[in-house]
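Here is a short tour to read with the model open beside you. It moves from the whole chain to its core, and then to the strands.

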Amino acid sequence: MVIDSIRDGIVIDHIKTGLGLEIYRLLKLGKLDCQVAIIQHATSQKGSKKDVIKIDSPIEIDLDVLGYLDPGCTVNVIRDSKVAEKYHPAIPETLTGVISCKNPRCITSAESDLPHVFRLTDKDAQVYRCIYCETMAKKIKI
Ligand SMILES: [Zn+2]
């Protein structure tokens with residue numbers, strides 16, 4: 001795959017170094033049929049390091065996942081080999097089915113068909129808590 005020549009697809013750019021794989025995992029990009037490239041430690045035009053994900057298909061991206069993991073990244077929608085749209089994901093107020101509650105006494109442990117829902121309780125620190133038991137979601141370490 002010539003990674004610079006996507007015709008119709010998505011490029012997630014300016015990902016914080018080290019988060020590329022985590023985004024790949026939480027967006028379940030491994031389940032896609034199309035070609036996906038993760039470029040780690042790419043050098044940006046400003047000379048700093050970043051991760052980049054290129055998806056060779058115009059799929060729908062779960063922006064909640066992106067906004068949760070790395071609100072500083074940029075999503076480029078490529079059409080006819082040109083950037084047709086460019087946007088930043090917003091930090092989501094709630095996360096449904098993205099992360100799971102680690103509290104063994106949480107009702108989500110007993111009732112497996114309950115969705116795992118987390119609510120943003122501190123926007124500055126980006127703290128998410130389980131809506132059922134208030135357990136804090138673990139920060140992703142990079
Ligand atoms: Zn819980």
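## The chain as a whole

Among contacts in the protein chain between residues at least 6 apart in sequence, 60% join residues at least 24 apart. Please keep in mind that this is a predicted model. Buried residues account for 23% of the 142 residues in the protein chain.

The protein chain contains three helices and eight strands. Starting at the N terminus, its elements follow the order β-α-β-β-α-β-β-β-α-β-β. Along the principal axes, the C-alpha atoms of the protein chain fill a box of roughly 50 × 30 × 20 Å.

The protein chain falls into domain 1 (9-87) and domain 2 (94-130). Taken over C-alpha atoms, the centres of domain 1 and domain 2 are 25 Å apart.

Which residues touch the most other members of the largest nonpolar core? They are Val11, Ile12, Ile15, Ile23, Ile53 and Leu69, out of 23 residues in that core. Two or more residues each come from β1 (9-15), β3 (49-55), α2 and β8 (127-130). Because domain 1 (9-87) and domain 2 (94-130) both give residues to this core, it lies between them. As a general background, nonpolar side chains tend to be buried together in soluble globular proteins.

Leu69 sits in helix α2 (residues 63-69). Is Leu69 buried or exposed? Leu69 counts as buried because it has 23 C-beta neighbours inside 10 Å, and the cut-off for a buried residue is 20 or more. Although Leu69 and Gly20 are 49 residues apart along the chain, 9.7 Å separates their C-alpha atoms.

Val11 is another of the core residues that touch the most other members. Not counting residues up to four places away in sequence, Val11 touches Ile6, Val52, Lys54, Asn76 and Ile78.

Asn76 belongs to strand β4. With 19 C-beta neighbours inside 10 Å, Asn76 counts as partly exposed, since a buried residue needs 20 or more. Leaving aside neighbours within four places in sequence, the contacts of Asn76 are Ile10, Val11, Asp13, Val83 and Lys86.

Strand β4 (residues 74-79) pairs with β5 in the antiparallel sense over five bridges. How many of the six residues in strand β5 (residues 82-87) are buried? The count is zero, so to speak a strand that is hardly covered.

## The β6-β7-β8 sheet

Three strands form an open sheet in the order β6-β7-β8, with antiparallel pairing. β6 (94-96) and β8 stand at the edges with a single partner strand each, so one side of each is left without a neighbour in the sheet. From one strand to the next, the twist averages 30°.

The pairing of β6 with strand β7 (residues 117-122) is antiparallel and runs over three bridges. Within this pairing, Thr94 has Arg119 in β7 as its bridge partner.

Definitions and conventions. Residues are numbered from 1 along each chain as its sequence is written. This is a predicted model: local features need pLDDT of at least 70, side-chain atom pairs count only at pLDDT 80 or more; totals for chains, interfaces and linings use all residues. Helices (H or I, at least four residues) and strands (E, at least two) are DSSP runs, numbered from the N terminus. A residue is buried if 20 or more other C-beta atoms lie within 10 Å of its own, exposed if 12 or fewer, and partly exposed in between; C-beta atoms are placed from the backbone. Domain bounds come from an automatic or database domain assignment. A nonpolar core is a set of buried Ala, Val, Leu, Ile, Met, Phe, Trp, Tyr and Cys residues joined through C-beta atoms within 7 Å. Two residues are in contact if their C-beta atoms, placed from the backbone, lie within 7 Å. Two strands pair if DSSP finds at least two bridges between them. Axes are lines fitted to C-alpha atoms, for helices over the stretch in contact, and angles run from 0 to 180 degrees between N-to-C directions.
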